[in-house]
Amino acid sequence: MSNAEATASPDHTGTGSGTAPAHNPEADRIRVLLEPAVQANRLYLEDVAINIAGSHRVVHVVVDLPQEETGGVSLDVIADISKVLSDVMDNDPGADSRPYDLEVSSPGVARPLTEPRHWHRAKGRMVKVNVIQGENITGRIQAVDGGGVTLVPEIAVKKGMKPRQGEPVKLPFDRIRNGKVEIEFSHLTEDGLEPEHNGPSEEA
């Protein structure tokens, strides 16, 4: 028997209330176990981590939309996939006898952009880019391809004036250390999310 917690928060990192340890063989095994079910529901399995406290396990699963889709993972989708993954784990032939809690979440807009698929998912967003051997850039993602990211920079102006846009800049992936999405309330509304919003809990 497990408790399945469904969360979809713009600030959620997928580690729940505790700090998830680094990947271990059991987390990798569970990832292999859950991935087919996640893919069958047209989602991407971002991460699996496990916290163990005595005889109890907390399994943290982070799912995302495919890179070609825009928007965020809705609470309804998180709740549905939580039930599916709970059923898979309840029938896990390799599981031990310890009870577990399953926590399923989406990455949220606070996730650092460190992989090409992250940049694809953030297309159209305003981002702050940490550039290797160059000035950092804040701008809107115009396009993403196999070579890198094209940004329309925001050029700072005098206080009280609307920022103006510069010419598009192409940044190869090997010049990008990481990026971070700048939170815009209009995008949160489009994604069906609210700032500091936590989803409901339900028993599987």
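Tutor: A salt bridge is a side-chain nitrogen of Lys or Arg within 4 Å of a carboxyl oxygen of Asp or Glu. This is a predicted model, in which local features need pLDDT of at least 70, side-chain atom pairs count only at pLDDT 80 or more, and totals for chains, interfaces and linings use all residues. Residues are numbered from 1 along each chain as its sequence is written, and side-chain values use heavy atoms, with hydrogens and water left out.

Student: How many salt bridges does the structure hold?

Tutor: The structure holds nine. In one of them, Asp 64 pairs with Arg 111, the closest N and O atoms lying 3.2 Å apart. This pair links distant parts of the chain, 47 residues apart: Asp 64 is in strand 3 (residues 56-64), and Arg 111 is in the loop between strand 4 (100-105) and helix 3 (116-121). Helices (H or I, at least four residues) and strands (E, at least two) are DSSP runs, numbered from the N terminus.

Student: Are Asp 64 and Arg 111 buried or exposed?

Tutor: Both are buried. Buried means under 20% relative accessible area, exposed over 50%, and partly exposed in between (1.4 Å probe, protein chains only).

Student: Which residues are linked with Asp 64 in a network of salt bridges?

Tutor: The network joins Asp 64 to Glu 46, Arg 111, Arg 117 and Arg 121. Asp 64 meets Arg 121 at 3.0 Å between the closest N and O atoms.

Student: What is the phi of Arg 42?

Tutor: Most residues other than glycine have a negative phi. Arg 42, not a glycine, has a positive phi of about 55°.
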